[in-house]
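Let's take a friendly walk through the charged side chains of this protein. Have the model open beside you as you read.

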Amino acid sequence: MSTYISVCSSEMYQQTYLTFLLEHYDQLGLPYSYPVALSFLSSPILMDREAFLCYNDDDEVIGAFSYIYGTGENQYEDQHVIQVQVVFIQEEYRVTRLFLQAIQFLIEHITDLEEDVRELRFWTPANDRLRRLFSKIAENIASVDTVFGPIDEYRAAFSDLRAYAAKFRPVL
């Protein structure tokens, strides 16, 4: 099974990104109200930031991820911080190889942009499976109970994430 990742570089791909995520909304498990979740999913496109699609060897979309620069608590002026807004891979494609491929792609993309990124932040539903996965690449800095379920907040230094990905043979 081969896969590849592409930047959503046109309106057509941005629409595909949003359509794919909305088709899988129930599987995303986002612990937010629908309007808040929709803002997370669409903000990379609305803020002129990056969204990505993962494809299988039949050119079918099997995953998507995206990010924005800055944090809401700092009015998005802390441009050295990237907030990963969403990561979703269809169940049958959730393998370490694709996850690592996405990390390597993201690191290479950010490096090529020559931005001064020093940190990545992201949130996930709080569960043991996701904690085991994300503890390999980031530090769990907070756990919060919301009316929609518990969430974990993670933080990773960009240099640490780059060093982690460099341990593995490129899968791009």
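Which residues are linked in a network of salt bridges? They are E73, E119, R121 and R155. A salt bridge here is a side-chain nitrogen of Lys or Arg within 4 Å of a carboxyl oxygen of Asp or Glu, and the structure holds 7 salt bridges.

Before going on, please note that this is a predicted model, where local features need pLDDT of at least 70, side-chain atom pairs count only at pLDDT 80 or more, and totals for chains, interfaces and linings use all residues. Residues are numbered from 1 along each chain as its sequence is written, and side-chain values use heavy atoms, leaving out hydrogens and water.

R155 sits in strand β7 (residues 149-157) and E119 in strand β5, so the pair ties together parts that are 36 residues apart in sequence. Strands are DSSP runs of E with at least two residues, helices runs of H or I with at least four, both numbered from the N terminus. E119 is buried at 17% relative accessibility, while R155 is partly exposed at 31%. Buried means under 20% relative accessible area, exposed over 50%, and partly exposed in between (1.4 Å probe, protein chains only).

Now look at helix α5 (residues 128-134), where D128 and R131 are 3 residues apart, about one helical turn. Their side chains form a salt bridge at 3.7 Å, N to O. D128 is exposed, with a relative accessible area of 53%, whereas R131 is partly exposed at 31%.
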